[in-house]
Amino acid sequence: MSKIKPYFIVLVIILTVLGIFYVWTTMESIKLGYNITKLNNIKSKLEHKHKELLIKKTALSSPSRIYGIAGKMGFIYPKEGEIIMVHD
Amino acid sequence: MIRVWKTTLKLRMLIGFIVILIFGGLLISRAFDLQIIEGQRLKMLAREQFRANVYFTPERGNIYSSNGSILAASVNVPGIAVDPLMVGHKLRNAEKLSKLTGISYAKIIKILNRRIQFAWIKKRVSGQTAKDVEKQGIGGVIIVKQPVRYYPNGTLLAHVLGFVGINDNGLSGIEYKYNKFLKGNKRALKVLHDGLGQYIFIRGFGLKKATHGDNIYLTINKQLQFITQYYLDKEAKAADSKGAFAILMDPNTGAILAMADYPDFNPNYYWKYSARYWRNRAVTDDFEPGSTMKPFVVAAALSEGLVKPDTVINCYHGIYSLDGITVHDVENWFGRFSVNQIVEYSSNVGECRIGMKFKKSQLYNWFSLWGFGHTPHAGLLGEAKGIIRPLSKWSEVGPCEMAFGQGISVTGLQEMAGLSAIANGGRIIKPYIIKKIVNAYGKVIYKAKSKYLKRIITSRIDKEVKYMMRLVVKGGTGQYSNLIDFKVSGKTGTGQIADPKTGKYYKNRYTASFMAFVPYKHPELAMLVVQQEPSKIGYYGGAVSAPVVRSVFQNALNILNIYPGGNAYIKQSKTGADLNGNLSTASGGTENASINDSGVMQDLKGDTIYQALKILKKYKFAVKISGSGYLYYQSIKPGTNTGNEKVIVLKFRPGKYYAPANLKIAKKNKK
């Protein structure tokens with residue numbers, strides 16, 4: 001009995017440590033799960049915002065809009081012969 | 001006492017053991033019941049409580065122009081909905097909602113009084129309105145975000161793009177044809193959630209979201225599309241045409257650079273237009289091509305050895321009768337003309353007589369080789385294949401009529417494929433509009449390649465036909481497309497429109513077309529403009545369609561930086577360019593900057609780059625430029641003879657121009 005006792009104590013300690021480790025990893029995993037969810041939401045929101053801004057930029061730089069604004073400012077397409085091409 | 005305690009020890013242990021055994025047995029049996037007997041059912045119940053299937057709605061893919069500018073995209077737009085049963089103080093809240101949304105008070109009251117759990121107040125509102133409504137905190141009012149297809153360029157390319165209806169399904173154009181690529185796949189994702197309903201992503205549960213739709217890149221150049229649409233619209237309105245379309249293409253690759261239709265519509269509000277506005281005439285409509293058919297028939301006749309460019313044909317002064325039909329020319333001044341002149345002045349009689357030199361089957365085969373009567377398969381919705389009557393139904397005078405474009409129907413895309421073959425040296429090429437398709441993870445799943453179908457005419461014959469088409473623009477019927485800096489080749493066409501009921505031609509309804517390419521010898525652009533039933537200005541292709549081609553070419557060549565040849569203006573590189581006055585030009589050859597040996601150099605100091613270059617045009621130098629702003633140095637001194645000079649170096653700098661004398665004073669003061 002006295003020979004078995006130390007082994008038994010060591011076994012209990014190992015099992016306890018393993019149990020605590022298991023619980024800790026599970027808790028961490030759940031915590032990370034929450035973080036991933038949160039980050040996913042942020043990512044998704046930023047992606048949408050980015051897309052919205054890109055679309056806004058496209059709408060603002062649409063050729064018909066630019067042409068309209070340029071026309072009001074007195075800009076017109078250059079006529080033939082008015083363009084001189086310079087090469088790099 | 002102790003003795004009694006000791007004697008009963010065994011008994012007490014036994015009782016304790018029995019109690020433990022009973023409770024242990026009960027626990028084990030309960031555990032057995034929970035884990036084994038009821039295990040599956042309970043597991044299912046637990047799963048239902050903590051696991052959930054979340055359905056991610058895929059985002060519809062975007063459509064881009066060739067340089068990656070968005071043409072169509074989906075955005076989440078807020079809308080205002082209510083659960084009428086949950087809304088209290090209906091009169092007061094209806095008033096608030098009416099003020100914020102602009103919907104009438106009576107209409108909102110009607111919605112709030114319905115005995116349902118969901119109803120829309122307004123499906124699309126601005127972000128600000130949504131925020132304002134949210135701030136009010138009205139119970140039962142909810143802000144719902146839902147994807148809406150948006151076309152940020154408005155009417156630009158509307159007929160090609162099409163539009164999307166409810167349920168995110170394409171209803172027309174690219175949106176319809178490539179719906180299965182654009183739409184993506186709805187996907188259910190298994191997740192765990194806590195008591196508050198928050199999702200927890202943990203090991204063993206996938207992170208994959210819905211497969212978003214693929215992104216489609218078109219060959220369309222946004223700038224070229226705009227100018228094509230702009231000038232087509234302008235000329236079609238001026239000519240009061242019932243409809244019109246234009247196609248701009250790279251004749252060397254088959255890539256469609258622009259495709260415009262008149263009248264246009266805004267796909268953001270497609271429901272406000274009648275269906276006839278949605279049609280992409282450039283691909284769905286076939287028409288009698290009229291004289292634009294002539295270069296194709298002449299190329300075939302040259303290939304078969306039936307005529308040569310200088311073969312003289314009697315054009316009977318513009319009136320020619322055979323087998324019950326009479327062919328007329330626009331003017332009666334055609335006598336005996338060469339094949340070159342027949343094309344240049346667009347003689348129907350001459351072309352009819354060339355057509356009659358073919359055997360029927362021979363001409364039929366040539367039409368087929370050019371692609372007439374076959375679907376072009378350019379990747380667009382509703383591509384028509386035109387009409388070529390079966391050989392058995394050709395009358396004796398069929399080749400005569402078809403040679404000048406009557407009794408045959410073609411589509412715009414077919415003509416462009418044929419025109420490109422003439423432009424690129426004789427190879428039929430497949431037009432295409434889809435440049436590539438990229439999936440949601442950035443992987444290219446389809447990439448277009450230029451596809452030469454076959455060579456149908458030799459390069460010698462090609463050069464001869466190109467020259468004939470050059471004559472058309474230079475001095476023939478297509479002069480309105482002439483440019484100063486570039487040589488354009490083209491062919492006009494004026495086709496009569498047949499009455500579908502009687503089969504006879506209307507006397508005053510025409511299709512006016514013009515097809516052309518530029519630069520003449522080594523074309524970079526090919527274009528077709530077709531106006532349907534123009535009623536003002538005129539009805540000839542050369543009068544109403546050629547100006548569109550001219551304006552588009554003029555601007556497109558600048559946009560694409562295609563060099564016209566002539567003077568060589570070079571921006572000086574840091575390392576210094578080696579200038580011999582030889583520059584490669586768009587026409588493929590080299591342009592030697594010729595020297596004006598009698599010129600005397602002007603003083604250019606203080607000029608801007610543009611002012612200096614404008615003056616130097618007459619000297620025909622190679623000009624080397626460095627810096628920007630105002631000119632402060634010119635390598636050829638003012639007043640000197642430029643006879644032996646090949647290159648002039650000009651230096652510019654920003655800020656106010658100082659005359660050399662002032663500069664010296666400034667330097668002295670500095671010292």
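Let me start at Gly405 of chain B, which is found in the loop between α16 and β18, residues 410–411, of chain B. Keep in mind throughout that this is a predicted model. Is Gly405(B) buried or exposed? With 27 C-beta neighbours inside 10 Å, against a threshold of 20 or more, Gly405(B) counts as buried.

What does Gly405(B) touch, leaving aside residues up to four places away in sequence? The list holds Glu288(B), Pro289(B), Gly290(B), Ser291(B), Thr292(B), Met293(B), Gly493(B) and Gly495(B). Take Gly493(B) from that list. Gly405(B) and Gly493(B) are 88 residues apart along the chain, and their C-alpha atoms are separated by 8.5 Å.

Strand β23 of chain B covers residues 489–498. The sheet is open, has five strands, and runs in the order β12-β11-β25-β24-β23 in chain B, with antiparallel pairing. β12 and β23 of chain B stand at the edges with a single partner strand each, so one side of each has no neighbour in the sheet. From one strand to the next, the twist averages 10°.

Looking at one pair in particular, β23(B) and β24(B) are joined in the antiparallel sense over nine bridges. Among the residues involved, Ala498(B) has Tyr505(B) in β24(B) as its bridge partner.

Two helices come up against these strands. Helix α20 of chain B, residues 546–559, packs on the sheet and touches β11, β23, β24 and β25 of chain B. The direction of α20 makes about 150° with that of β25(B). Helix α17 of chain B, residues 412–423, lies across β11 (243–249), β24 and β25 of chain B, and runs at about 145° to β25(B).

The core draws at least three residues from each of domain 1 (56–218) and domain 2 (224–559) of chain B.

Strand β29 of chain B, residues 622–626, is mostly covered, with four of its five residues buried. β29(B) pairs with β31 of chain B, residues 647–653, in the parallel sense over five bridges. Within that pairing, Ser626(B) has Lys651(B) in β31(B) as its bridge partner.

Now some backbone details. In general, most residues other than glycine have a negative phi, and most peptide bonds are trans. Where are the exceptions here? Tyr262(B) and Pro263(B) are joined by a cis peptide bond, with omega about 0°. Pro263(B) lies in the loop between β12 (256–262) and α11 (281–284) of chain B. A cis peptide bond also joins Val518(B) and Pro519(B), with omega about -15°. Pro519(B) is in the loop between β24 (505–518) and β25 (525–532) of chain B.

As for phi, Ser346(B) is not a glycine, yet has a positive value of about 55°. Ser346(B) sits in the loop between α13 (339–345) and α14 (348–355) of chain B, and counts as buried because it has 29 C-beta neighbours inside 10 Å. His377(B) has a positive phi near 55°. His377(B) is placed in the loop between α15 (360–370) and α16 (398–403) of chain B. With 13 C-beta neighbours inside 10 Å, His377(B) counts as partly exposed.

For chain B as a whole, the secondary structure comes to 22 helices and 31 strands. Of its 671 residues, 42% count as buried.

Last, chain A. Helix α1 of chain A has 57 residues, numbered 4–60, and at 1.5 Å a residue should span 84 Å. Its end C-alpha atoms are 82 Å apart, which agrees. The number of buried residues in α1(A) is two of the 57, so the helix lies largely in the open.

Methods. Residues numbered from 1 in each chain as written. Chains lettered and ligands numbered in written order. Predicted model: local features only at pLDDT ≥ 70, side-chain atom pairs only at ≥ 80, totals over all residues. Buried ≥ 20, exposed ≤ 12 C-beta atoms within 10 Å, placed from the backbone. Pairing = 2+ DSSP bridges. Domains from an automatic or database assignment. Expected span 1.5 Å × (residues − 1). Axes fitted to C-alpha atoms, helices over the stretch in contact; angles between N-to-C directions. Contact = placed C-beta atoms within 7 Å.
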